[in-house]
Amino acid sequence: MTATTTLTTLTGRSAAQQPHWPDPVALEEAERELTERPVLATEPEIVELTGGMDLVARGSALLLQGGDCAERFHEAVPELVRQKVDNLQGLAAIMRSGSGLPAVTIGRIAGQYGKPRSSPFETEETGSRRQMPSYCGDAVNEPEFEPVGRTPQPRRLLTAYECSRLVLDEVRRSWSQRPVLERVYTSHELLLLPYERPLVRLGAHGVYSGSTHFGWIGERTRAHDGAHVALSRAVHNPIGVKLGPSVSPDDAVALSRSLNPEGIPGRLTFIVRFGAKDVDRLLPPVVEAVHRHGSPAVWLCDPMHGNGLKINGQKTRLVERMHAEVESFVRTLRRHREWPAGLHLELTPDPVTECVSELAQPPRFTDFRSTCDPRLNPRQATEMVALFLSLL
Ligand code: PEP
Ligand code: CO
């Protein structure tokens, strides 16, 4: 397939979770400009990560994927990127020393600027109770509750590209002197089609996405006949799909076959996020069905997205529930003789208190900085990784 036919097959499919862009001409122009920009992730780098994912799929390496729920444009500066990369490297080093295995490391970084939302509109919680478009990530609009900033602006897609480039340059700087298997690669949710489509290119190994090394499809955009699945099927990058409580065993089988028709180990990762309450009931039939009838997948545990709650109006997650989901995940995968490959975490090098312990009464959100979901601070992330290792 050529890049051009890929684009043709992508048009006409319905794409969930696209913001309402009020200026379609400006949107078209932004998409056109992106087609003229060089790729961000290069094909040789993607092929190297593919080699790492092959080891993960064979149970010869672990996988750590982590970073912000939503990156911010103003954080695309070397010093902050270095802190994020060091944080990931530190956790990966714990994984390696605790398991004796390589730990393939992928940041939610250099492109995580678009967010799916449960509602397209948001009502101000205090004061005037005004309604305006939800914040959809810095690639679309601004988080502040203010009508002009909340209007989706197509030029922001180009800023997302520029910021991703700056961040990726710094990520690459961290690679020098390191073995290939100890590099931090990039990933983000393949969500905004006017951003993703123009960065799909034809390389020496076929069609690939030049927007990132690893891309994933979110829980809200994994319809079989939708544009996000079509895009991911078309590219040879390693890809992930989030599986949450609404997935049936048959859906998971169909996704595995459609996204990994050749059964390539490491090509497809299922990032499961059922929540501590439902994981014991919902995960086993999904793993069983894919094992028997599907195409191979790497199994990765996201203990964050099924465990959100609000305390006193503040979004948070309880560490105890996330630990419980990690435990159930490892137990279930073991029972089905599948490799519990690792963790997908939202985390930050900053000492935030966005996630809390239910043992601390009352929970104190003394430091909440995320513009989207609550992240683990370094101590909480280290404890999560240590718990995971203790279960292997
Ligand atoms: C996310 O990873 O930030 C996210 C929105 O996840 P999910 O698609 O699993 O809800
Ligand atoms: Co999130």
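1. A polar contact here is a pair of N or O atoms within 3.5 Å; within protein, one must be able to donate a hydrogen and the other to accept it, and residues adjacent in sequence count only if both atoms are side-chain atoms. By that rule, the side chains of His 305 and Lys 242 are joined by a polar contact of 3.5 Å.

2. Some housekeeping. This is a predicted model, where local features need pLDDT of at least 70 and side-chain atom pairs count only at pLDDT 80 or more, while totals for chains, interfaces and linings use all residues. Residues are numbered from 1 along each chain as its sequence is written, chains are lettered from A and ligands numbered from 1 in the order in which they are written, and side-chain values use heavy atoms, with hydrogens and water left out.

3. On to the metal. Cys 69 (SG), His 305 (NE2), Glu 346 (OE) and Asp 373 (OD) coordinate the cobalt ion (ligand 2) at 2.1 to 2.4 Å. Donors are N, O and S atoms within 2.8 Å of the metal (3.2 Å for Na, K and Ca), and water is not among the atoms, so the site may look incomplete. The donor spacing in sequence reads C-x235-H-x40-E-x26-D. His 305 sits in the loop between β11 (298–301) and β12 (308–311) and Glu 346 in strand β14 (residues 340–346), so this pair ties together parts 41 residues apart in sequence. Helices (H or I, at least four residues) and strands (E, at least two) are DSSP runs, numbered from the N terminus.

4. What does the record say? In UniProt, a "binding site" annotation (unreviewed entry) covers Cys 69, His 305, Glu 346 and Asp 373; such annotations may be inferred rather than shown by experiment. These residues span 305 residues in sequence, yet no two of their C-alpha atoms are more than 10.0 Å apart, so they gather at one spot. Cys 69, His 305, Glu 346 and Asp 373 are also included in the lining of the largest pocket. On a 1 Å grid over the protein atoms alone, a pocket is an open set of points with protein on both sides within 12 Å along at least five of seven lines, and a cavity is a set where a 1.4 Å probe fits but cannot get out; lining residues have an atom within 4 Å of a point.

5. Are Cys 69 and Glu 346 buried or exposed? Cys 69 is buried, at a relative accessible area of 0%, and Glu 346 is buried at 0% too. Buried means under 20% relative accessible area, exposed over 50%, partly exposed in between (1.4 Å probe, protein chains only). Cys 69 belongs to the loop between β1 (62–67) and α4 (78–99). Neighbours within four places in sequence aside, its contacts (heavy atoms within 4.5 Å) include Arg 108, Glu 346 and Asp 373.

6. The UniProt entry (unreviewed) also lists Arg 108, Glu 219, Arg 220, Lys 242 and Arg 273 under "binding site". Of these, Arg 108 is included in the lining of the largest cavity. Arg 108 lies in strand β2 (residues 103–108) and is buried, with 2% relative accessible area. His 305 is in contact with Arg 108, Lys 242 and Arg 273, among others.

7. Beyond four places in sequence, Arg 220 touches Ala 16, Gln 17, Pro 116, Arg 117 and Ser 118.
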